Amino acid sequence: MSPLQLCLVLSSLLFCVGLAGALSRSNTILVLLGIELMLNAANLNFIAFWCYGPHAATGTGVLFVLFAIAVAAAEAAVGLALVIAVHRHRKTVRLQDASTLKG
Amino acid sequence: MTYAIIIIAALILGAAVAAMLSRNLIHSALLLVGAWAGIAAFYLWAGAEFVAFAQVLVYVGAVSMVVLFAVLLTRQGATSAPVEPDSYQRAIFGFITAGGVAGVLLGAILGTPLAVQATPTPASITVKEIGIQLMGPHAAALLIVGVILTVALLGAILIAAVDKPEDPAP
């Protein structure tokens, strides 16, 4: 197995761990952390393809990961602020209890 | 070279799985800090030093603090923050979905002949080159990211702030 395939397998497994956490946990903070893990797995893919790809000198993968980290930080801040706002109104962080808009 | 990536992968995956399975929210957050530090080690291994330091600063330093503050502000118990048992139906369907996605992805990766040169040149990029790229061809994206961060953090403050009614003037 080549090193590129090792990196891709690692990022796929990390993505699936995050997906399982986001789908199966009922705590809103843990769901958000699972989504963060999935974003990190995507960043691992960018770095792996930059490192082993044919155009490593241009550095596009590195720049893409830098922008993705900045957007992920903004997403985490807004998501946790939403969790705190929901907790202030409903006194709970369970996803099943925030079901006012459920049809 | 290959042993290092296997050790780093074991560290990342072990910390992430333990964090997602843990019943204690604070343990989950601290284990995820370990997983993020392992991802920074992966970036160092791959030759992207600047990204590794950005990962340490942003995730291990900042996002982990925000997560811990959110855990402490929203916990209900007096001593620890235990998570009540989830519904088992959700857990089973979540694991089935994640396992299916993992199978599809691993089959695609292992079944694809990737055109990689046998001895890759050690990819590396200096901070000066990153700065030239950011200020030259990607200057518009850099400005937009700055605006996004400002708007998102102001919005987070507005959402999380306590909206008390104003005191009527005497």
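Ser64(B) counts as buried because its relative accessibility is 4%, where buried means under 20% relative accessible area, exposed over 50% and partly exposed in between (1.4 Å probe, protein chains only). Ser64(B) lies in helix 3 of chain B; helices (H or I, at least four residues) and strands (E, at least two) are DSSP runs numbered from the N terminus. Residues up to four places away in sequence aside, Ser64(B) touches Val33(B), Trp36(B) and Tyr59(B), contact being defined as heavy atoms within 4.5 Å.

The model is predicted, with pLDDT of at least 70 needed for local features and 80 or more for side-chain atom pairs, while totals for chains, interfaces and linings use all residues. Residues are numbered from 1 along each chain as its sequence is written, chains are lettered from A and ligands numbered from 1 in the order in which they are written, and side-chain values use heavy atoms, with hydrogens and water left out.

Chain B contains 6 helices and 0 strands, and its elements run α-α-α-α-α-α from the N terminus on. Of its 170 residues, 32% count as buried. Among contacts in chain B with a separation of 6 or more, 63% are between residues 24 or more positions apart. The accessible surface of chain B is about 10300 Å², with 75% of it belonging to carbon and sulfur atoms; accessible areas come from the Shrake-Rupley method with a 1.4 Å probe, and for residues only the protein chains shown count as cover.

At the interface, 79 residues of chain B are in contact with 67 residues of chain A. The two chains bury about 6500 Å² between them, 78% of it on carbon and sulfur atoms; buried area is the accessible area (1.4 Å probe) that two parts lose on being put together, summed over both. The number of salt bridges between chain B and chain A is 0, a salt bridge being a side-chain nitrogen of Lys or Arg within 4 Å of a carboxyl oxygen of Asp or Glu. Across the interface, 10 residue pairs are in polar contact, both residues at pLDDT 80 or more. A polar contact is a pair of N or O atoms within 3.5 Å; within protein, one must be able to donate a hydrogen and the other to accept it, and residues adjacent in sequence count only if both atoms are side-chain atoms.

Two or more residues on the side of chain B that touches chain A come from each of helix 1 (2-21), helix 2 (25-46), helix 3 (49-74), helix 4 (88-111), helix 5 (127-135) and helix 6 (139-160) of chain B. Helix 3 of chain B gives the most, with 13 residues.

Individual residues illustrate the contacts between the chains. Ala19(B), in helix 1 of chain B, counts as buried at 0% relative accessibility. Beyond four places in sequence, Ala19(B) touches Arg25(A), Leu30(A), Ser28(B), Leu31(B) and Leu32(B). The C-alpha atoms of Ala19(B) and Val33(B), 14 residues apart along the chain, are separated by 9.5 Å.

Ala156(B) is found in helix 6 of chain B and counts as buried at 8% relative accessibility. With residues up to four places away in sequence not counted, Ala156(B) touches Ala77(A), Val78(A) and Ala81(A). On the chain A side, Ser12(A) is found in helix 1 (residues 3-24) of chain A and counts as buried at 6% relative accessibility. Neighbours within four places in sequence aside, Ser12(A) is in contact with Leu105(B), Leu106(B) and Ile109(B).
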